[in-house]
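This briefing describes a protein model with attention to the contact between its chains and to the sheet of one of them. The sequence and structure are shown first, and the points are then grouped by topic.

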Amino acid sequence: MNQKLKIMVVDDEAIVGKRLKPSLESSGYTVETFGDGRSAIARLSKERFDIVITDVRMDDVDGMQILEYVRANIPQTKVIIITGYASVDLARRALDKGAFDFIAKPFKPGDLRTVIEKAARAPSA
Amino acid sequence: MPIFVVSADAYPIGRRIAEKTAAALGYRYIDREILEGIAAKHDIPEERLNRLLDAATPPAQIFKKNWRRQLALIQEATLDKLLADHVVCHGLAAHLYVLGVSHAIRVRIISTTDKAAGASQTDAKQLEQLCRQWSLTAFDMDQTDPAQYDTVIRLAETDETEAVRTLVAMSADSRFRANTFSVNCLKDLELSSRVRSQLLKDYTNIKVEAHKGTIIVRTRVSRRNRNKVIEDIKIKAGNIEGVSFVEVHAASGLLARL
Amino acid sequence: MTDDSGHTMNKAPDRPRESMCVYAPMDAAERKSATAGRHTGIQQRACFPVRLRLILAFAAIFVYCAGVTLWTIYVLPAVHHKIRFLELADAYRHETAQMRRFEKNYFLYGTHLRDALLHTQKARSILSDNEADILKVMSRGRLTAMQKSLASYAAGLQKLAGGHSPEVRAEVQHRLRKYGHRLTADADAFSIQERRALDRTFSLLRTGPLILLAVLMIILFAAAWHINRKIVTALGRLTDFTERIAAGDYTRITFKKTRRDEFTQLATAMNQMIDEIEKRQEILVQSHKIRAIGNLVAGVAHELNNPLNNILLTAVSLQENYADLPPAEALEMLADIVGETERSREIVRNLLDFARQREREIKRLDLGEMLGRAIRLVSSQARMSKIRIETCIPDNLPPVHSDRQLLIQLFVNLLLNAVDALSQNAHGRIAVTVDAPTQAEYVAVSITDNGPGIPRRLQDRIFDPFFTTKPEGRGTGLGLSVSRNIIEQLGGFMRVESEVGKGATFTVYLPVTRVPH
C-alpha cells in the first residue's frame, strides 16, 4: 500500500466513531467519522473514500441509503455494514445492494481491522 | 461464496442433483461419506448412523438418549465441514440445523409427484406427516414447511438438469455471499453443536447456544443435584476448545420448559 | 363523516356510547366482596319460586271452576224440587178450586156435597202424600196450618152434610167461606210466590254463566298479568343484561325483588358466570401481555447491541492502548463504559418493569410518563421497521386514575398494532397525540399510523376476538380485543377512524380524575 487508505465511519452512536477513529488511525488509515447519513453523503460527494463503514439504523438517511448512494456514484468504494439489528434478511438485503461485508454489533476493533484488510486486498468491483 | 444445504424427500434424487451442482461449481461435496469418520471416531456402527438418517420414525423413548447423541455427532461433524466455504451438503439433515446463516442456501427438492411410483395420494400425505414428525422430534423444526427454504424445486415442473442449472445460478447471487456476520453465525452453530454432543454423553436434555465463545447451556435437572449438575456442565463445557465463558440455565420441576 | 355502522366514527365525542356502559374502576377484590355480599343477601330472602306462583294461579282457577260446578250441582235439584212443588201446588189449587166450586153450587143450587168432599179428600191426600217434597220448599208450620185449615174446611163440610138447621147452615156456610177463601188464597199465594222464585232461579241460571265467564276472565287476566310481570319482564331484564355483557360491560346484576325465585337463581348463576368471564379475561390480558413481551424482547435484544458495542469498543481500546493513554482520556473512556452500561440497564429495566407481574393497583398516574414508557418499549421495534414515532404530548395533562401496568400495556398494544400495520411501509410514521380539553371528562390519546388503513366493512370487526388481517400463524387477533377490554376496565372507551390507503387512528378516551377544589 503506497497510499494511506481513506476510511469513513458513519454511526449515530457517537462512541463508535470516537473509538474507531484512533484505533484505525493507529493501524495506518485516514479516518473521518460522521454521526448522521446526510452529512456523510455530502462529504462523499466531495471526497473519495476507499472504504465506508456505516451503521444501518439511523434517523433520516440510513446506512442502506448510503450504500445505495455509494454503489450508484462511486462503485470503487467498498461499503462495510455494521449493525445491532443483524438478521439473515438484513444481511442478504445489504449484500444484494452491493455491500462488501456485513458485521453484527457488538464487534471488536480487531474484527473490523481484519475486514478492512480484506477489503483493501480485494479487487474493486 | 455460499454453501448449499440440500434436502430432498428422496435421497438418491437429492444426491444426484447436489452432486452435479457441486461438480458444476467446483465445490466440495459432503454427504453420508462423512459418517464413516464419525463411526470410527466414536465407535458406533456406521450402519446405525445411516439407518438413523433414513428412518421415518423416531425411536422409542428408551433409545432416544443414544439417538439424540448420534444425531448430535452427525450435526457436529457436518457443521465442521461446512465451516469451509464452497460446499454442497446433502443427506445429513443439515437443513434442520444450519439456521440463521445468510450465506447458506437452503434447498428443498420435491420429487414425489401426484402420480409418482404408484403411491396413492394418502400414502404421500402419510409419508409427509412422518417426515414432519421426525424433524420436529429431532430438531424441533418442520422440514416439510416450504417457508423454511430459500428455494423449493419441484421435479414435477422441471427436470434435474434444469434444477442443477438453477442452483448454479443461485451461487452467483450476491445475497448469498459469505460475510462476517454469517460466518460468525455458522461458527456459533458449530461450537454449540460441539458442546452439545459432548454434554449429551452425560445428560439427556441439553440445549446449547453460542455467541462467540460464550456458551449458554439449558438443561433440566432435579432440584436436588442442581448445583452439582451446573458445576459439572461448566467444567465440561469450559474445557472444550473455543469456549471462553459458560452460562448454565437449569430448569427444575415437571412443567419447566427448556 | 357518515355513520352507518355500529361504531361511531365521529371525532372526539363527549360521552361514551350508551351501550358501552361505563362503570367506575373498582378494585377487583372490592368488587368481588360486593358481589359476594349480594349473593349471600339474596340467599337469605324468602323463596317464592315461579313454579309455586304458577301452581297457585292454576289452583285458584281450578277451585273457582270446581265451585261453579258444585253450585250448579246444588242448584239443579232445588230447581227440580221447585218444579215438582209447583206441580203439586197447581194440583192442590185445582182441587181446592173444584172443592169451592162444588161448595158454592151446594149453597146456590142445593146440589150435593159429595163432590166437594171428594175434592177435599184429594187435596188433603196431595198434602199428606207429598209431605216430603213439600217440606223441601215450605216450612212445616205453614204446611200444618194449611192442613189444619183444610181439615177445618172438611169438618165444616161434614157438619153441613149431617145437620140441616138453617142457623147451623148459615154458621157453617160462613165458616166454610172463611176457610175456603183462606185455602184458595193460600194456594194462590203459595204457587205465585214459588213461581216467582223459580223464575228468579231460571234467570239466575241464564245470567249466571255469563257472570262466571266474566269472573273467570278477570282471574285469567290477573294470572297473565302477574306471569307477564314476573316472567316476561325478568326475562327481558336478563336479555338486556346478556346484551350488555356482549358489549363488554360487566356490571353485576342487582336484585330488585324482595323474594327469591328461579330468576334470582338464574341471575346469581349469571353473576357467577361474569366472575368467571372476568377471570378469563384477566388471564387473556396477562397471556397477551406475555406475547407482547416476547415481541418486545426481540427488539430489546437488538437494541442492547448498540450500548454493548460501545462498551466493547471502548473496553478494547482501553485494553490495547492502556500504557499510552493520557489519564484524562482513559477516564473519559471509563465514563463512557459506565454511561453505556447504565443505558443497557435502563433498556432492560424498562422491559423488566413492564414484564413484572404486579397486583392491580389503581393509582393517580401521569399520562405523559406512561405514554413515554410505552413508546420507549416499542421504540426498538419501530426502529427495526424504520418507523418514526412522533409525539405531541402537552405538558400539565390532567391526571388519570388507573393501573400502571394495564395502562402501559394498553398503549404498547396499540403501538405494536400500528408497528405491525406499517411493516410493509417504506416511510412508516406513528403519531401519538394527546388531546385534553380543559373541561372535558375524558382525555383522548390518539395513535395514528400512515399504514394501509382498515376498510370500512372491517372496522366493526377489528375489536372482535380472533379477528386478524395478518396471515395465519402471525398474530392472534387478540390485540385489539384485549385493548378494548383493558380500556373498559379503566372506565374509558376507544374509537377507530380509518380510510383505506391513508392509515388509521385509534383514539383512547380515558376518564379524567377531577380534583374537587
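**Interface of chain A and chain B**

One salt bridge is found across the interface of chain A and chain B, in a model that is predicted. The partners are B:D150 and A:R92, whose side chains meet at 2.6 Å, N to O. The points below cover the rest of this interface and then the sheet of chain B.

*Extent of the contact*

- On one side 17 residues of chain A take part, in contact with 14 residues of chain B.
- About 1,200 Å² of area is buried between chain A and chain B, and carbon and sulfur atoms give 52% of that area.
- Within chain A, the residues that lose the most area to chain B are A:V88, A:R92 and A:L95; together they account for 51% of what that side buries.

*Polar contacts and contributing elements*

- Nine residue pairs are in polar contact across the interface of chain A and chain B, with both residues of each pair at pLDDT 80 or more.
- On the side of chain A that touches chain B, two or more residues come from each of α4 (88–96), β5 (101–104) and α5 (109–121) of chain A.
- Helix α4(A) supplies the largest share of that side, five residues.
- By residue class, the side of chain A that touches chain B comprises twelve nonpolar residues, one polar residue and four charged residues.

**Sheet of chain B**

*Strand order and pairing*

- Chain B contains an open sheet of five strands with parallel pairing, in the order β2-β3-β1-β4-β5.
- Its edge strands are β2 (28–30) and β5 (151–154) of chain B, each of which pairs on one side only.
- From one strand to the next, the twist averages 20°.
- Strand β2(B) pairs with β3 (residues 87–90) of chain B in the parallel sense, over three bridges.
- In this part of the sheet, B:I30 stands opposite B:C89, a residue of β3(B).

*Helices on the sheet*

Terms used
Residues are numbered from 1 along each chain as its sequence is written. Chains are lettered from A and ligands numbered from 1 in the order in which they are written. This is a predicted model: local features need pLDDT of at least 70, side-chain atom pairs count only at pLDDT 80 or more; totals for chains, interfaces and linings use all residues. Side-chain values use heavy atoms; hydrogens and water are left out. Two strands pair if DSSP finds at least two bridges between them. Helices (H or I, at least four residues) and strands (E, at least two) are DSSP runs, numbered from the N terminus. Axes are lines fitted to C-alpha atoms, for helices over the stretch in contact, and angles run from 0 to 180 degrees between N-to-C directions. Contact means heavy atoms within 4.5 Å. Buried area is the accessible area (1.4 Å probe) that two parts lose on being put together, summed over both. A salt bridge is a side-chain nitrogen of Lys or Arg within 4 Å of a carboxyl oxygen of Asp or Glu. A polar contact is a pair of N or O atoms within 3.5 Å; within protein, one must be able to donate a hydrogen and the other to accept it, and residues adjacent in sequence count only if both atoms are side-chain atoms. Ala, Val, Leu, Ile, Met, Phe, Trp, Tyr, Cys and Pro count as nonpolar, Asp, Glu, Lys and Arg as charged, and the others, Gly among them, as polar.
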